[in-house]
Amino acid sequence: MKDLMRIKCLISQDIETLLNQQIKKEAHSSSLYLAMSSWCDQNGFDFSADYFLKQSEEERVHQLKLFKYVLDMGGNAISPEVTGIKTDFAGFREVFEDALEAEIAITQSFKNLAAKCHKEQDFVTMEFLNWFLKEQREEEYKARRALELFEVIGEEGTGRWEIDKHVNKITYSEA
């Protein structure tokens, strides 16, 4: 029966495995952003706490979108266990450095998944992944711009307060 079910699955076992790994990475990102939100809140950076809370929600949406896709394709989507989340940061800037590193890693993971789809000629999954690749362009842009605020504004005096105020105002436009 299991072999019959695999025949009905529209994605290969390798692609399903990679998608489930991506689901776990999105869950990890969501939890990491929650930890960042909490750290910012505890340290008086209210706007950044809100920014990271929204980022966490967005990563959760990505996780669920991938989860549903695996199910829709006849695969076995796995609800991941998330452990090892960093909860303490040396400073305000480190939070944003870690956020950018996390987004770069997620982008690379999607690129690897897309490369596997291309190799297998899984054009249906490739088309599905295009949305995520486009989304990662925005995510990396926003993370870079947030980190650039530390250089533009500086951290001295009221600098951190100014950075905190500007984080939620960062937007991305394709045009």
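Aromatic pairs number 15 in this predicted model, where rings of Phe, Tyr and Trp (its six-membered ring) pair if their centres lie within 6.5 Å. One of them joins Phe-92 and Phe-96 in an edge-to-face arrangement, with 5.3 Å from centre to centre and 85 degrees between the planes; planes over 60 degrees apart count as edge-to-face, those under 30 as stacked and the rest as tilted. Because the two residues stand 4 apart in helix α4 (residues 92-120), about one helical turn separates Phe-92 from Phe-96. Both Phe-92 and Phe-96 are buried, that is, under 20% relative accessible area with a 1.4 Å probe, protein chains only. Phe-92 and Phe-96 also belong to one aromatic cluster, together with Tyr-33, Trp-39, Phe-45, Tyr-51, Phe-52, Phe-89 and Phe-150.

A charged side chain accompanies another ring. Lys-65 lies over the face of Trp-131, 3.9 Å from the ring centre; for Lys, this requires NZ within 6 Å of the ring centre and within 35 degrees of the ring normal.

The protein chain contains 6 helices and 0 strands, helices being DSSP runs (H or I) of at least four residues and strands (E) of at least two. Of its 175 residues, 43% count as buried. The C-alpha trace spans about 65 × 35 × 20 Å along its principal axes.

Residues are numbered from 1 along each chain as its sequence is written, and side-chain values use heavy atoms, with hydrogens and water left out. In this predicted model, local features need pLDDT of at least 70 and side-chain atom pairs count only at pLDDT 80 or more, whereas totals for chains, interfaces and linings use all residues.

Technical notes
Buried < 20%, exposed > 50% of the residue type's maximum accessible area, 1.4 Å probe, protein only.
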